[in-house]
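The entries below follow the order in which I looked.

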Amino acid sequence: MTTTSTTSTLRVIQDHDRSLWRRLLLTREVAIIALLVLVVLVASTTVKGFAQPITVNYLLLDVAPILLIALPMALIMVTGEIDLSVGSMVGLSSVVTGVLTHAGAPFEVAALAALTVGVIGGAINGFLVTVVGLPSLAVTIGTLALFRGLAVGLLGTTAVTDFPEQWTALAKAKIAGTTIPYITVPFLILLVIFVVLLHFTPFGRGIFAIGLSKDAARFSGINVERTKFILFVLAGVVSAFAGIFFTLRFGSARGDNATGLELQVIAAVVLGGVSVFGGRGQLHGVVAAVLLIGVLSSALRLANVTSDVINIITGGLLVASVVAASLLSWMQRLRAKAGPPTRFAVPSTS
């Protein structure tokens, strides 16, 4: 067993050795949720315009693609892998939707074609990682460039902006009587599906087992390759769906749409408590982290803070969270090596 898997296994044993209330409340995910609530309260009272209902609408529209893609990305990273091509897949699916719509195809057909492209792109990543045996970091860096190159090659520097009005209106429409956009409905459906999949099925237990130790997972009867392949396909199709929404929301299909989105997704997933070494992660922490980054960005923009400073603050928050997690893991290993305190029996005087 490798050092990484040994450390991960030790961490799991230590987590379950604590009392129930500590396991439920003294977690990184709960800390992120508490920080999110604090930031919302501070921003609502100090930033002019933040507490307006329209701000909630734009905030959810802005973070919707990240929320969607973060779900499969979290599962991939729990297995110890990564997918850097999701942002490029958003751009490629956007271009496919635009090109086919511009060519006269019904929008529904164009969207279905874009989803099919997402499945194919995810399958390519999954095949290269699970069958060929290449590292996911190297594979998805390559497909990041490949998918982006295809997107730019199909449209060049032009843009398609002629989309059916009913679809572009739906992408920005609000649920009746609220300021919550309709895109939250498919997100909540996907969230329930992924939560059940990860936390309440043998497939999800297999995902955690793979992240802790691939060899041990194989000995337990888990099909490691098939599990990873399915996750990469899920990432591809969800990214394609996010690309369709991205296109309709802005009414524009361009080859450079969603450039850099993959970094925002990965930052949110890591900030939400998913271990970069695999074997650990909770989806409620990931969702809270996406919203935290979105709230911070929205509040700082309303406070007239430049985008460069916003990126520095967001990056600093991510680095701090990773460092804090590493320090906590180091302290746990030190306590484990020290062992429990020795207790000496008091000799009887009788």
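Predicted model: local features only at pLDDT ≥ 70, side-chain atom pairs only at ≥ 80, totals over all residues.

Residues are numbered from 1 along each chain as its sequence is written, and side-chain values use heavy atoms, with hydrogens and water left out.

**Entry 1: G251 and the overall picture.** I started with G251, which sits in the loop between helix 12 and helix 13; helices here are DSSP runs of H or I with at least four residues, strands are runs of E with at least two, and both are numbered from the N terminus. Leaving aside its neighbours within four places in sequence, G251 is in contact with V160, T161 and F163. G251 and V160 are 91 residues apart in sequence, yet their C-alpha atoms lie 8.2 Å apart in space. For exposure I used relative accessible area with a 1.4 Å probe and protein chains only, where buried means under 20%, exposed over 50%, and partly exposed in between. G251 has a relative accessible area of 19% and is therefore buried. Among contacts between residues at least 6 apart in sequence, 78% join residues at least 24 apart.

**Entry 2: helix 10 against helix 12.** At what angle do the axes of helix 10 and helix 12 cross? Helix 10 (residues 202–212) and helix 12 (residues 224–250) have axes that come within 10 Å and cross at roughly 105 degrees, the axes being lines fitted to C-alpha atoms over the stretch in contact, with angles from 0 to 180 degrees between N-to-C directions. The two helices are therefore roughly perpendicular to each other; in this scheme angles under 35 degrees count as roughly parallel, over 145 as roughly antiparallel, 65 to 115 as roughly perpendicular, and the rest as oblique. Helix 10 contributes F203, I207 and I210 to the contact, and helix 12 contributes V224, T227, K228, I230 and L231. From the loop between helix 11 (214–219) and helix 12, I also noted N223, whose C-alpha is 9.3 Å from that of I210 at a separation of 13 residues in sequence. N223 is partly exposed, at a relative accessible area of 34%.

Entry 3: The 16 residues of helix 9 (residues 184–199) should span 22 Å at 1.5 Å a residue, and the end C-alpha atoms are 22 Å apart, which agrees; the expected span is 1.5 Å times one less than the number of residues. In helix 9 the buried residues are T184, F187, L190, L191, F194 and L198. They cover an arc of only 120 degrees around the axis, so they are on the same side of helix 9, the arc being that of the directions from the helix axis to the C-beta atoms. Helix 4 (53–78), helix 10, helix 12 and helix 14 are among what covers these residues, whereas the face turned away from the buried side carries the exposed residues I189 and V192.

Helix 3 (residues 28–46) I treated likewise. In helix 3 the residues E29, I32, L36, V39 and A43 are buried. Seen down the axis, they fall within an arc of 80 degrees, so they line one face of helix 3. What covers them includes helix 13 and helix 14, and the face turned away carries the exposed residues L41, T45 and T46.

**Entry 4: N125.** Beyond neighbours within four places in sequence, N125 is in contact with D83, S85, V139, T140, T143, F147 and F232.

**Entry 5: positive phi.** Most residues other than glycine have a negative phi. A258 has a phi near 65 degrees, a positive value in a residue other than glycine, and lies in the loop between helix 12 and helix 13 (261–271). A258 counts as buried, at 10% relative accessibility. N304 also has a phi near 65 degrees, in the loop between helix 14 (283–302) and helix 15 (307–338), but N304 is exposed, with a relative accessible area of 70%.

Note on methods:
Contact = heavy atoms within 4.5 Å.
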